[in-house]
Amino acid sequence: MKQALRLGPANHRLAGALVALALLASSCGLSLQSLPKLGGVSGPTYKLTASFGNVVNLPANAQVRLGAFSVGYVSSIGLKDFQAVVTMRIKASVKLPQGTSAAIHFDTPLGEDFVLLEPPAPAPPSSQYLADGAVIPESETSTAPSVEDAFAALGALLNGGGIDQLQTIVTQTNLAFNGNQTQIRQLLESLNATVTSFAHNTPAVDNALTAISGLSQVLNQGRNTITNGIASLGPAVAVLGQENHDLANLLTQLDSLSGAANNIIQQSATGTVATLKGLQALIGQLLSVQQQLGPALDAVNSFETNTPNIAPGDYAQLSIQSTIEVPPVPSNAPALQKVTVDPPESDQSYDRSAIATLIEGGLP
């Protein structure tokens, strides 16, 4: 006896779903990437858009974090004007001040990327907050290096960077030190002595630095004066530059004058020597009569000192009496002629210039 398999309506729906799932798996393939990702936040949200130059491997429904806390998720990723436009849904309770930036980061090399929001620091007290539909421009967004970039940089470091050249550096250092240990040791000892001397003279170094600091402050205070002086030197240098030709002519003439003076000195050298030799005899005579001239000069000095007492005014009157002894005249001598000298009519007829000349050496 055969029994027929009968399916109810519910069984028909289940069989249809299984057949559709089998067809989908056989035709398109099933993978973890094709499955919808879990995410999202509960409660009301508002829309926030950010423009990125490159979103790397940022998936849809990726987390949006503020510090270490998840505050939203990526709702969609689009393309506009060669820029990636990332639309995010942010919790309504999270207030972001204007100037907030966005960056794409990843937790671990095998982890997924997420969007990190960074508010400005410090935020002004009265700053406005981003509203629903606000846009963060590309100038305020950035993308962290991807895992591929990190491995590429590591490969460049290991293959063609400093580590690859470390063996060459060590080899060359050994070659430089080979046979020069004594000199290197002396150099290190000298450096040690120098550093020790600086350490012992730290107060003097501090005083020197303090003095330099004071000088710098004084120069800084007189900066305007120094600037004005330098500015004034410019026109002076310009004037000297304009007078350069005249200065050159003056120096040329001075050179000619010095040559002429040298010629005169050379030509008159013989006469000068002869004159000095003649003066040598005169000086010798003066030295020989030094003892006789000394008392005479002392008397003249005394006369000069006492002259103001004799003549306190601007003139002096002299009365001179002299006695002349005349020898007897021989009988055969010729007769003498009588000479009459008339006295001056008044005192004004005296030759004052002669008197002044006579006592000029004694008056002060």
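## Exercises on a predicted model

In this predicted model, strand β5 (residues 101-106) and strand β6 (residues 113-118) run antiparallel and are joined by six bridges.

**Exercise 1.** Find the strands that pair with β5, and name a bridge partner in each.

*Solution.*
- Step 1. Take β6, the antiparallel neighbour of β5. Ala 103 has Leu 116 as its bridge partner there.
- Step 2. Take strand β8 (residues 141-143). β5 pairs with β8 in the parallel sense, over three bridges. Here Ile 104 has Thr 143 as its bridge partner.

**Exercise 2.** Decide whether Thr 87 is buried or exposed, and list what Thr 87 touches.

*Solution.*
- Step 1. Locate the residue: Thr 87 lies in strand β4 (residues 83-91).
- Step 2. Read the relative accessibility, which is 13%. Buried means under 20%. Therefore Thr 87 counts as buried.
- Step 3. Leave out residues up to four places away in sequence. Thr 87 then touches Lys 47, Leu 48, Thr 49, Tyr 73, Val 74, Ser 75 and Ser 76.

**Exercise 3.** Describe how helix α4 (residues 181-200) packs against helix α5 (residues 202-221).

*Solution.*
- Step 1. Take the geometry: α4 and α5 pack at an angle of about 70°, and their axes are 4 Å apart.
- Step 2. Classify the angle. The range 65 to 115 degrees counts as roughly perpendicular, so α4 is roughly perpendicular to α5.
- Step 3. Name the residues in contact. α4 supplies Phe 198, Ala 199 and His 200; α5 supplies Thr 202, Pro 203 and Val 205.
- Step 4. Sort them by class: the contact has four nonpolar residues, two polar and no charged ones.

Terms used
Residues are numbered from 1 along each chain as its sequence is written. This is a predicted model: local features need pLDDT of at least 70, side-chain atom pairs count only at pLDDT 80 or more; totals for chains, interfaces and linings use all residues. Side-chain values use heavy atoms; hydrogens and water are left out. Helices (H or I, at least four residues) and strands (E, at least two) are DSSP runs, numbered from the N terminus. Buried means under 20% relative accessible area, exposed over 50%, partly exposed in between (1.4 Å probe, protein chains only). Contact means heavy atoms within 4.5 Å. Two strands pair if DSSP finds at least two bridges between them. Axes are lines fitted to C-alpha atoms, for helices over the stretch in contact, and angles run from 0 to 180 degrees between N-to-C directions. Angles under 35 degrees count as roughly parallel, over 145 as roughly antiparallel, 65 to 115 as roughly perpendicular and the rest as oblique. Ala, Val, Leu, Ile, Met, Phe, Trp, Tyr, Cys and Pro count as nonpolar, Asp, Glu, Lys and Arg as charged, and the others, Gly among them, as polar.
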